[in-house]
Amino acid sequence: MKSTLLFFISICALSLTQAQDKSYKIIFGCTVNYLNSYLTHTDEQGIKTSNNSHHQVGLNPHIGLRLNDFWTVGLAFGMSHSRRSGYDDFFQEEFTNIYSSYNIGIFARRYFGTNKPVQFFLEPNLTFTAYEYNSTSKFILSAYVDSAKEFNCLIAPGISWAVSKRFNLIARFGKLGYVWGKSRNVLSSDYGEYSYLGLRLSTDSFFVGAELKL
């Protein structure tokens with residue numbers, strides 16, 4: 001009886017392991033974003049009137065469960081740091097604006113072109129993001145907002161390349177979705193609500209990274 005029970009448990013465990021190997025994959029991954037730009041404005045006489053440099057870096061680790069050939073679901077985290085600095089001739093001042101953000105959310109990923117090394121996907125996600133702002137400017141509007149919290153319901157297209165059975169390279173580009181949040185005014189400490197539906201195709205919405213499948 002014990003031998004039969006042990007044999008039955010072993011067969012069930014082996015079957016479950018094989019089923020998981022075929023249909024379920026744990027995915028650990030991370031995508032990064034980097035932006036470095038410098039802009040200069042001149043007047044009609046060719047004299048430089050202002051300059052603006054922008055440096056940004058973002059890091060977004062995630063963990064997912066590959067349910068089948070078409071779907072992955074998971075949990076994502078993120079952090080970003082952005083610094084803008086320069087000189088504005090109109091306000092006659094040098095300025096430095098620093099933006100930091102931290103987020104956590106859930107995502108799903110729908111793959112197209114299954115059983116191929118390269119797959120396109122759509123990735124809807126629901127994310128909570130907290131922002132912190134610091135500025136030396138007395139005139140720039142962003143100086144009067146020191147923090148914000150928002151919910152993002154977005155969808156982003158992407159591409160996945162299976163370099164091997166255990167390793168993927170991925171990229172996401174652009175975002176479309178709805179944003180709702182509250183920002184805090186540093187002068188009055190009051191919170192103001194905002195919401196919008198928007199499409200972002202700028203360089204700060206382009207991420208590249210890699211995934212490890214276990």
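Let's start at threonine 31, which sits in strand S1 (residues 25-42); strands here are DSSP runs of E of at least two residues, numbered from the N terminus. The structure is a predicted model, in which local features need pLDDT of at least 70 and side-chain atom pairs count only at pLDDT 80 or more, while totals for chains, interfaces and linings use all residues. Residues are numbered from 1 along each chain as its sequence is written, and side-chain values use heavy atoms, with hydrogens and water left out.

Threonine 31 counts as buried because its relative accessibility is 1%, where buried means under 20% relative accessible area, exposed over 50% and partly exposed in between, with a 1.4 Å probe and protein chains only. Leaving aside neighbours within four places in sequence, the residues in contact with threonine 31 include Gly58, Ile170, Arg172 and Phe207; contact means heavy atoms within 4.5 Å. Keep Arg172 in mind, as we will come back to it.

Next, look at serine 53 in strand S2 (residues 48-66). Serine 53 is buried too, at 12% relative accessibility. Beyond its neighbours within four places in sequence, serine 53 is in contact with Ser37, Tyr38, Arg83, Arg84 and Ser85. Glycine 86 is 33 residues away from serine 53 in sequence, yet their C-alpha atoms are 6.1 Å apart in space.

Now move along to strands S4 (residues 93-112) and S5 (residues 118-135), which pair in the antiparallel sense over 14 bridges; pairing requires at least two DSSP bridges between the strands. Glycine 105 has threonine 127 in S5 as its bridge partner. The hairpin of S4 and S5 has five residues between the strands, and there glycine 113 takes a positive phi near 75 degrees.

A salt bridge here is a side-chain nitrogen of Lys or Arg within 4 Å of a carboxyl oxygen of Asp or Glu, and the count comes to three. In one, arginine 109 and glutamate 123 have their closest N and O atoms 2.9 Å apart. Arginine 109 lies in S4 and glutamate 123 in S5, so this pair ties together parts 14 residues apart in sequence. Arginine 109 also meets glutamate 211 in a salt bridge, at 2.9 Å from N to O. That pair links distant parts of the chain, with glutamate 211 in strand S10 (residues 206-213) and arginine 109 in S4, 102 residues apart.

Finally, arginine 172 forms a salt bridge with glutamate 123, at 3.8 Å between the closest N and O atoms. Together, Arg109, Glu123, Arg172 and Glu211 are linked in a network of salt bridges.

Definitions and conventions: Helix = DSSP H or I, 4+ residues; strand = E, 2+ residues; numbered from the N terminus.
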